[in-house]
Amino acid sequence: MMMLQDGSLQLLCLTANSGVPLFTRGASKQLPFSVIGSLNGVHMFGGGQGVVLSCCETEGGGKVVWRVFQDSVMLIAVSGGGGHSGTGSSKEEEVRLQRLLENVWNCMVLVLGQDELANMRNVERLKRDLRSCFSLIDQLLEDRQEGILGNLTHCADSLLPPNPALLQEAVEGFAQAADSEFGCCIIHGRIAAATEKWWRLAPQEVVLLSALMRSLSACGSASCDYPVFLPQGSPTVAHRLLRFQLLPGADVCVLCGPTPSLHRAESGLVGRFWSPLLETLRDCLAVGERCLPGSVSLRPDVLALLLINRETRRSVSCVRTSTNHPLGGPHLPSKARCWELLKLFYIFSITRYFSQEEAWCVSPEERAQRGNAEDFVLGFSHQPLQCYLVTEECKSYGLQTPQHQLFLLTPLSVPTFALRTVATQTLSDITAATAL
């Protein structure tokens, strides 16, 4: 049965006990109510038999993934045949959808709080309240902004500024003046500087707060005062997120209590701390999607990279355009395709070779039902530290150290035996010039 068109994706949210639909997002053509009821019914039947149904594949190549949160809300992701990108194995698509459901639930908690979701007192009121989550959920579903990989990696997408000390000092001073220990500066949707306490938030919280900042920034307002719950740190008590636009593409925010007021922070603090740094902010904006300062020189045979700091859960990623390569060379994937290949190689690596303790966030019941990736890794007598993959489009190389994970794409023209040298030199060049 082909439920959706190839490449399309639909998210369903229902009450876990009664199967009452709360909302649907995604594909323009909504699934018939009978199909939604069947998807809920088969999951409930399995639960009655002591079986956790977490994933299945349709005859047409589509994928369905279920997840129940707090015994209250059921989320179902349905993808059409061919996967979200048109390529990638069934396992890669399952990982992508499972991570999507995890993110959507945390997004709902971030906006509404866990109590309202876990203890439904009025379903119709909850339906109305959930509308405030739609812009953030749609951002997760559409995944349009190139270079934002935190939704998949649960690592904070970062930009390494040319003058980190100046930016760091301003963020810390601004947060302290706002009676907060949690402050962050966002450049092009990526974290350029943050206070120590901000980095101590759970990785999923940092990623979702960044996504919320991008969503609020897209609305065009110069400032806002937004209540948020922290899915792990404070799921039942709201904090205030004060956000201010410093320049187009540059925002600063703090998590705080009842003080200061938005007006006081905007009129008395923003100009005081950030007006002297306008040129520094413009230098950060000039870094752009490369996310790396000019002091970092990448080899010309690097098409794309994703570098993760395993200790801080920060990441930087970039894609080199084809203009960096000589004319007349072999055909190279487009920029958009490189981003997609980078995501697929990341999933390929963490489900088969590299450590997954940071990458998987699943319930104990579902963890017991899984085993493909774990069994594969258990087949080794050691922990793999490097892996590579050669396809018709490019060559990919993964490198894991105690502190970092690096995922690299290179042209097919790079000899396979040279991939390790390219990866180790790239890791060395970035870590030597930056604090990542």
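Guide: Two strands count as paired if DSSP finds at least two bridges between them, and with that in mind we can read the sheets of this predicted model.

Visitor: How many bridges pair strand β12 with strand β13, and in which sense do the two strands run?

Guide: Strand β12, residues 304–309, pairs with strand β13, residues 314–319, over 6 bridges in the antiparallel sense, and within this pair Asn309 stands opposite Arg314 of β13.

Visitor: What is the strand order in the open sheet of 5 strands, and what is the sense of its pairing?

Guide: That sheet is antiparallel, with the order β8-β7-β11-β10-β9; β8 (190–194) and β9 (223–230) are its edge strands, each pairing on one side only, and the twist from one strand to the next averages 30°.

Visitor: Which residue in β11 is the bridge partner of Cys184?

Guide: The partner is Cys253, and the strands concerned, β7 (residues 182–187) and β11 (residues 250–256), run antiparallel and are joined by 6 bridges. Helix α2, residues 90–112, packs on the sheet, touching β9 and β10, with its direction at about 115° to that of β9, while helix α11, residues 278–287, lies across β7, β10 and β11 and runs at about 100° to β10.

Notes: Residues numbered from 1 in each chain as written. Predicted model: local features only at pLDDT ≥ 70, side-chain atom pairs only at ≥ 80, totals over all residues. Heavy atoms only, no water. Helix = DSSP H or I, 4+ residues; strand = E, 2+ residues; numbered from the N terminus. Axes fitted to C-alpha atoms, helices over the stretch in contact; angles between N-to-C directions. Contact = heavy atoms within 4.5 Å.
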